[in-house]
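Please walk me through this protein model.

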Amino acid sequence: MLSVPLLLLLLLWDVGSHGFPVTPEIQQEDAELVQKYLESYYNLNNGTQAGKQKRSIATQVEQLEEMQKFFGLKMTGKPDKETLNVMKQPRCGVPDVGWFTTMPGNPLWRNPNLTYRIMNYTPLLPKSVVDDSIKKAFELWSEFSPLTFTRIFQGEADIMISFIRGDHGDNNPFDGPGNRLAHAFGPGPRLGGDAHFDLDETWTDEFSKSINFIILNYNLYYVAAHEFGHSLGLGHSSDIASLMYPTYQSTGDVLLGQDDVNGIQQLYGKKKLLRTGSSAPQVCNSDLTFNAITTVRGEMEIVFFFFLIFKIRFYLRPMYNNEPEEVNFIAVFWPHLPSLFDAAYECDQEDKILFFKGSKYWAVQGLDALPGYPKDIYSTFGFPNTVKQIDAAASDAYTGKTYFFVDNKYWRYDESKRSMDEDYPKMIADDFPGIGSKVDAAFCKDEIFYFFHGKKQYKFDPATKKVTTLKANSWFNC
């Protein structure tokens with residue numbers, strides 16, 4: 001039964017919000033989703049039915065703000081579109097906390113040499129694939145800590161692994177395909193350390209593409225590695241680069257983030273051969289650098305121009321009207337692209353974006369990968385074989401010319417003629433004085449060029465040759 005205060009909250013939000021049309025049927029469905037989500041993951045315990053009626057809207061607003069803060073959303077205290085989108089993502093069934101933290105009560109294993117047992121299997125994968133996925137998931141954690149994991153085939157193991165569906169007696173029932181994928185319990189006796197995977201999910205050993213952002217199946221290795229973090233005593237992290245981030249990230253990578261490494265090493269100490277993890281880029285970090293930038297235009301950009309900045313596996317999108325910047329995995333939009341590329345630019349004439357890595361390039365149109373790619377830069381653009389990679393690319397929509405920067409030189413390509421202009425390459429320092437002789441990333445807007453090298457950005461006006469030096473992250477609200 002939907003609680004009255006939450007329904008009232010959603011009604012009030014609908015009256016005051018703009019641009020998110022909701023029918024009464026969808027409104028009730030979303031209200032029930034918010035209620036269930038906050039109860040499951042943010043400790044919204046309503047108690048008796050009378051208690052539900054008396055619970056204040058203010059308390060529910062606080063819970064929503066806590067959830068929005070955790071996921072880096074704008075803290076409106078309202079179930080807005082962005083908040084609902086996060087709530088609808090498939091995720092782990094363990095409640096959320098903050099940056100890396102231990103499970104409630106700080107449980108940990110006193111003996112670092114742990115055992116595990118696989119009780120049964122999903123019929124969708126060969127047993128050998130399940131065995132290998134589980135083994136690799138444990139190895140991911142042992143690589144950064146003194147922990148060891150040994151499989152046993154009978155008796156009680158420290159970590160018992162089962163594929164179960166529906167209500168299975170641990171007060172944390174599964175809900176069919178999607179939503180809650182799995183859950184695990186912190187270190188301890190009996191259920192402690194055990195990991196349960198929803199038998200109704202479509203488990204795979206691949207990272208499949210989503211259709212209209214709906215994920216159809218789930219990589220067992222990735223989910224197991226996440227759940228075993230709980231089995232070892234870690235809670236959820238709000239760092240999207242962390243393996244312990246609560247929602248499923250179909251990125252094609254299974255890696256520990258730096259936040260995961262910090263957490264597991266705080267619990268169990270460091271391994272002698274120390275490695276570090278990765279973290280999501282912080283947009284206001286004064287040391288932030290970029291490897292590629294492209295403009296993006298489409299239906300959403302009728303009012304605002306925006307561009308995507310790429311850093312390792314992530315894209316960074318500047319926002320406007322005091323909205324928070326968007327940081328997420330590149331694979332969320334384009335799962336087929338390589339995780340690290342050298343340059344990118346938007347071809348306005350053909351409404352597509354090109355991504356370059358080494359001597360190859362890929363093309364996308366909106367969220368769709370164009371067929372026939374990757375192609376090589378030599379047959380398409382006419383680069384000599386001495387060019388092994390593109391450092392940066394920028395296209396001027398007004399002239400139809402695209403500029404490619406390689407070491408201390410640049411080429412100019414005519415998009416209409418589909419050929420390189422004559423007398424190129426030329427020296428960067430000669431035609432773009434004041435920006436240096438090396439470019440990491442670039443883009444062009446309103447016939448003004450923006451060049452990035454290291455922690456600096458150069459705004460260059462070709463008509464006057466005027467150069468303005470800025471911080472590389474000056475596009476963000478820092």
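What follows goes from the annotated residues to the strands.

The model is predicted. Begin with the UniProt record. Its unreviewed entry carries the annotation "active site" for E227. That residue belongs to helix 7, which spans residues 220-231. Is E227 buried or exposed? E227 is buried, and its relative accessible area is 1%. This falls below the cut-off, since buried means under 20% relative accessible area. Which residues surround E227, once neighbours within four places in sequence are set aside? The contacts are C92, V94, A182, H183, A184 and F197.

The unreviewed UniProt entry also lists E201, this time as "binding site". E201 is in a loop. The loop runs between strand 5 (195-198) and strand 6 (203-204). Its relative accessibility is 1%, so E201 counts as buried. Leaving out residues up to four places away in sequence, E201 touches L124, G176, P177, G178, R180, L181 and Y218.

Now turn to T83. This residue sits in helix 5, residues 81-87. T83 has a relative accessible area of 0% and is buried. Beyond its neighbours within four places in sequence, T83 contacts L64, M67, Q68, L73 and K78.

Next, the cysteines. How many disulfides does the structure hold? The count is 0. C347 is buried, at a relative accessible area of 1%. C444 counts as buried too, at 7% relative accessibility.

Strand 17 comes next, covering residues 392-396. Of its 5 residues, 5 are buried, so the strand is largely enclosed by the rest of the structure. Which way do its residues point? A392, A394 and D396 point one way from the strand. A393 and S395 point the other way. Both groups are buried.

The partner here is strand 18, residues 401-406. Strand 17 and strand 18 pair in the antiparallel sense, over 5 bridges. D396 stands opposite K401 of strand 18. The two strands form a hairpin with 4 residues between them. Within that hairpin, G400 takes a positive phi near 75 degrees.

Strand 23 covers residues 448-453. Strand 22 is joined to strand 23 by 5 bridges, and the two run antiparallel. Which residue of strand 23 is the bridge partner of K445? That partner is I448.

To recap the annotated residues: E227, under "active site" in the unreviewed UniProt entry, is buried at 1%. E201, under "binding site" in the unreviewed entry, is buried at 1% relative accessibility.

Key. Residues numbered from 1 in each chain as written. Predicted model: local features only at pLDDT ≥ 70, side-chain atom pairs only at ≥ 80, totals over all residues. Heavy atoms only, no water. Pairing = 2+ DSSP bridges. UniProt positions renumbered as here; feature names shortened; annotations may be inferred. Buried < 20%, exposed > 50% of the residue type's maximum accessible area, 1.4 Å probe, protein only. Contact = heavy atoms within 4.5 Å. Disulfide = S-S within 2.5 Å.
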